[in-house]
Amino acid sequence: MAVANYRNSKPSGQPAMNALLRFFAVLSVIASASAAAAVADSAKKVSFEIYYETLCPYCSNLIVNYLPELFESDLISITDLKLLPYGNAKISPNGTIVCQHGPYECLLNTVEACAIHTWPKLEDHFPFVYCVENLVYNNNYTYWETCFKKLGLDASPVINCLNSDLGKKLELRYAAATNALEPPHTYVPWAVVDGKPIYDDYRNFASYICKAYKGTNKPSACTKSSVGSVRKLKMYMLRYFGGEEPMKSKVFGSRQSILSWLQGIAMEIA
């Protein structure tokens, strides 16, 4: 499926969305930078899998309005998040993939699969997935290519993946993983924590992750006292991001300076 068929002119400016994207790009770097000092080693992390499809409104709502909680606190330090974009798609007898919300959903499923493959680290691919799903959430998903510029990312690896056999191969892998779920998924988003589905309570994933964590020292995100300060910090940081310069995790400069900068803001709003 050629990507050229889906290109559109750039939409009007969305400064609030651009600010939010840059905010989560920064947070993803901070999460990666602090991994060495995390309260849990990787062997003790709780697996958290999201089986979804890109044009599902409940899925975009989860990704845009709930998953960022992982990055707004230290919950990510005990969480191994995996995103699997396939959902309720089906493989037809002739081998083609048919998606619940039509061909464009198949396109975006493959786009996000290619992004995850191109940037396998969570802190690298989550900002892009978030950006695309934010456009879906705001019914602007035909402008998904603008996410490359907004995040300062090289589009060519993802576009090449999309327009080659690799894109379909990745989707078939997600199809196999989705179809192998036990119990089988019955809707999307289908959230699985530590191998167990959490059904309709997927918005409350933090409590399941905290409960499943077997480490000796739980992160502060597993205490109720951390929630208010996290949201206050988020709102304050949104005011700090303006302008149109693209940002991405690999060009921020010193990781330690980012941590110091964040700590300074936190002290100012305390």
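I started at the hairpin of strand 5 and strand 6, which has two residues between the strands, and there Asp 194 takes a positive phi near 55°. I take helices (H or I, at least four residues) and strands (E, at least two) as DSSP runs, numbered from the N terminus. A note on the source: this is a predicted model, where local features need pLDDT of at least 70 and side-chain atom pairs count only at pLDDT 80 or more, while totals for chains, interfaces and linings use all residues. Residues are numbered from 1 along each chain as its sequence is written, and side-chain values use heavy atoms, with hydrogens and water left out.

Next I checked the pairing, which needs at least two DSSP bridges between two strands. Strand 5 (residues 190–193) is joined to strand 6 (residues 196–197) by two bridges, running antiparallel. Val 192 stands opposite Pro 197. Strand 1 (residues 46–52) also pairs with strand 5 in the antiparallel sense, over four bridges, and Tyr 51 has Trp 190 as its bridge partner.

Which way do the residues of strand 5 point? I found Trp 190 and Val 192 on one side, Ala 191 and Val 193 on the other, and all are buried (under 20% relative accessible area, 1.4 Å probe, protein chains only).

Last, I looked at helix 4 (residues 103–118) and helix 8 (residues 165–179): their axes, lines fitted to C-alpha atoms over the stretch in contact, come within 9 Å and cross at roughly 95°. That makes the two helices roughly perpendicular (65 to 115 degrees, between N-to-C directions).

Conventions. Axes are lines fitted to C-alpha atoms, for helices over the stretch in contact, and angles run from 0 to 180 degrees between N-to-C directions. Angles under 35 degrees count as roughly parallel, over 145 as roughly antiparallel, 65 to 115 as roughly perpendicular and the rest as oblique. Buried means under 20% relative accessible area, exposed over 50%, partly exposed in between (1.4 Å probe, protein chains only).
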